[in-house]
Amino acid sequence: PSDLGANVSSTSINNAQVVFDRFANRWLVLGEGSETQGNWLYLAISKTANPNDGFRAVRFVGDSTGIRHNGELNIGVDEDALLICSRNLVNVPGFPANQKISNSIYTVPRADLYTVSPTLTNMSRFENLSLTTHGDYIRPASSIEQSDNKATFLSSGANAITGASTGENYIINVSNVKQFGATMATPVKID
């Protein structure tokens, strides 16, 4: 949607992800700005179930340190929250170009998204999650169950140096996702 770029200094929006929130009958579109734009993530929320009726947009800095670039985005939604995952890349001397170094998870209470002026004030951030303890390729496990104020993420393990798969898989549980201050439990390795 053109509204996704409403706050963008250039038209470079990459890696757009789309999900339909069946609980609110709205479309959500997430995209990343280019590295020259300060690593912004852009979120557009449809005004109705029909995407032709327009969108409202918000944005946030993907990496609060400014070192990592959020790439390879994934989104999901459940009855409580919008769930965002990203692989963090770095382009600094001493690292290969676009070297993946960590992951991030963001949770946004759904109630904050479907207002005339959507807000990310209550978004919770879990940045710079280790590849070795939280796994690589983190994905939200969107639930269609009743509200439980929790979110689950699944990931596969990777070697922090080479990025090669370790064959280990993890479940990452986050609680209190309906408000600011969500908490993440220690990841559990699964077979």
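Start at serine 175, which lies in strand 11, residues 165-175. Helices and strands here are DSSP runs numbered from the N terminus, with at least four residues (H or I) for a helix and at least two (E) for a strand. This is a predicted model, in which local features need pLDDT of at least 70, side-chain atom pairs count only at pLDDT 80 or more, and totals for chains, interfaces and linings use all residues. Residues are numbered from 1 along each chain as its sequence is written, and side-chain values use heavy atoms, with hydrogens and water left out.

Is serine 175 buried, partly exposed or exposed? Serine 175 counts as partly exposed because its relative accessibility is 24%. The cut-offs are under 20% relative accessible area for buried, over 50% for exposed, and partly exposed in between, with a 1.4 Å probe and protein chains only. Now look at what surrounds the residue. Leaving aside neighbours within four places in sequence, serine 175 is in contact with Asn149, Lys150, Ala182 and Thr183. Contact means heavy atoms within 4.5 Å. Aspartate 148 is 27 residues away from serine 175 along the chain, and their C-alpha atoms are separated by 8.7 Å.

Step back to the whole protein. It has 1 helix and 13 strands. From the N terminus on, the order is β-β-β-β-β-β-β-β-α-β-β-β-β-β. There are 191 residues, and 45% of them count as buried. Among contacts with a separation of 6 or more, 49% come from residues 24 or more positions apart. The accessible surface comes to about 9000 Å², and carbon and sulfur atoms account for 51% of that. Accessible areas come from the Shrake-Rupley method with a 1.4 Å probe; for residues, only the protein chains shown count as cover.

Next, the sheets. Strands of a sheet pair through backbone hydrogen bonds, either parallel or antiparallel. Two strands count as paired if DSSP finds at least two bridges between them. In this model, 4 strands form an open sheet in the order 1-2-3-4, with antiparallel pairing. Its edge strands are strand 1 (13-21) and strand 4 (55-61), each of which pairs on one side only. Neighbouring strands of this sheet are turned by 20° against each other on average, direction ignored. The axes behind that angle are lines fitted to C-alpha atoms, for helices over the stretch in contact, and angles run from 0 to 180 degrees between N-to-C directions. Inside the sheet, strand 2 (residues 26-33) and strand 3 (residues 40-46) pair in the antiparallel sense over 5 bridges. Glycine 31 stands opposite tyrosine 42 in strand 3.

Move on to strand 5, residues 69-77. Of its 9 residues, 8 are buried, so strand 5 is largely enclosed by the rest of the structure. Strand 5 pairs with strand 6 (residues 81-90) in the antiparallel sense over 7 bridges. The two strands form a hairpin with 3 residues between them. Asparagine 70 has asparagine 88 in strand 6 as its bridge partner.

The side chains of glutamate 72 and arginine 87 meet in a salt bridge at 2.3 Å, N to O. Glutamate 72 is in strand 5 and arginine 87 in strand 6, 15 residues apart. A salt bridge is a side-chain nitrogen of Lys or Arg within 4 Å of a carboxyl oxygen of Asp or Glu. Arginine 87 is buried, with a relative accessible area of 4%. Glutamate 72 is partly exposed, at 36%.

How many salt bridges does the structure hold? It holds 3. Another joins arginine 110 to aspartate 21, with the closest N and O atoms 2.7 Å apart. Arginine 110 sits in the loop between strand 7 (99-109) and strand 8 (124-129), and aspartate 21 in strand 1, so the pair ties together parts that are 89 residues apart in sequence. Both ends are buried: arginine 110 at 12% relative accessibility, aspartate 21 at 0%. Glutamate 127 and arginine 125 also meet through their side chains in a salt bridge, at 2.7 Å, N to O. Arginine 125 is partly exposed, at 31% relative accessibility.

Finish on the surface. Leu154, Val188 and Ile190 form a nonpolar patch there, with about 210 Å² of accessible area together. Patches are made of residues with over 30% relative accessible area and no salt bridge; like charges are joined within 9 Å, and nonpolar side chains (Val, Leu, Ile, Met, Phe, Trp, Tyr) within 5 Å. Isoleucine 190 lies in strand 13, residues 188-190.
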